[in-house]
Amino acid sequence: MTTSVQDHDKQAHLAGAAIERSAAYYRLKADVEDFYYHEADLLDDRRFRDWLELLAEDVSYFMPIRRNVKFGQQATRENTKRGEGISWFDEDKWTLTKRVEQILTGVHYAEEPLSRITHMVSNVQIKGARPDIGAARELDVTSRFLVYQNRVEYETYIFVGRRNDTLRLTDNGWKIARREILLEQNILLAKNLTTFF
């Protein structure tokens, strides 16, 4: 039986409340942080094909559009929904691969010359572990990010937000199976959105 994305999010939230901060938790958290720092290095060093190897074949990569809504409606209406309406990104491994291939042609209008980018990741917390923290094969992880982008002479953009990830352990290490990116902007202030989060 498959669960919907909303059911998965609810289960992840409930699971996070029950995780004991044990030695096993902190060992696993250190591994996850190293994974994220490695991912940031790959992106900052423009090793995009290597970055794609960190993604599961069935990855879901989603960045909703944030809306300004009345008080009390944030939980249900602030973010657009996956698979419904519009979003900044609602991608899979194939579309992400095509984006990488386009950048690597050297004729991408918004990435020629290539941007200089720095990813900073913080506030990493494991919110859920399956089957359990001591033998985890799948994790629900939250983090915060700051991405600095500079291109040509004067274009500078700063993106700040949160990520909700599902990481899956494979024979080749952790892979990103699901990523939801919550950009803390209602209106995109950058000219384009070519960076990966």
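I began with the link between β5 and β6, where a hairpin joins the two strands through two residues. I note at the outset that the model is predicted.

Entry on β5 and β6. I looked up the extent of β6 and found that the strand covers residues 173-183. Its pairing with β5 is antiparallel and runs over 10 bridges.

Entry on β4 and β5. β4 and β5 form a hairpin with three residues between them. In that turn I checked V152, which has a positive phi of about 40°.

Entry on R163. Which residues stand beside R163 in the neighbouring strands? In β6, I found I181 as the bridge partner of R163.

Entry on the surface. I looked for nonpolar side chains at the surface and found a patch formed by M120, L146, Y148, I158 and V160. Together these residues have about 430 Å² of accessible area. I asked which elements give two or more residues to the patch, and they are β4 and β5.

Entry on L146. I located L146, one of the patch residues, in strand β4. Is L146 buried, partly exposed or exposed? L146 counts as partly exposed because its relative accessibility is 32%, and this class lies between under 20% for buried and over 50% for exposed.

Terms used: Residues are numbered from 1 along each chain as its sequence is written. This is a predicted model: local features need pLDDT of at least 70, side-chain atom pairs count only at pLDDT 80 or more; totals for chains, interfaces and linings use all residues. Side-chain values use heavy atoms; hydrogens and water are left out. Two strands pair if DSSP finds at least two bridges between them. Helices (H or I, at least four residues) and strands (E, at least two) are DSSP runs, numbered from the N terminus. Patches are made of residues with over 30% relative accessible area and no salt bridge: like charges are joined within 9 Å, nonpolar side chains (Val, Leu, Ile, Met, Phe, Trp, Tyr) within 5 Å. Accessible areas come from the Shrake-Rupley method with a 1.4 Å probe; for residues, only the protein chains shown count as cover. A salt bridge is a side-chain nitrogen of Lys or Arg within 4 Å of a carboxyl oxygen of Asp or Glu. Buried means under 20% relative accessible area, exposed over 50%, partly exposed in between (1.4 Å probe, protein chains only).
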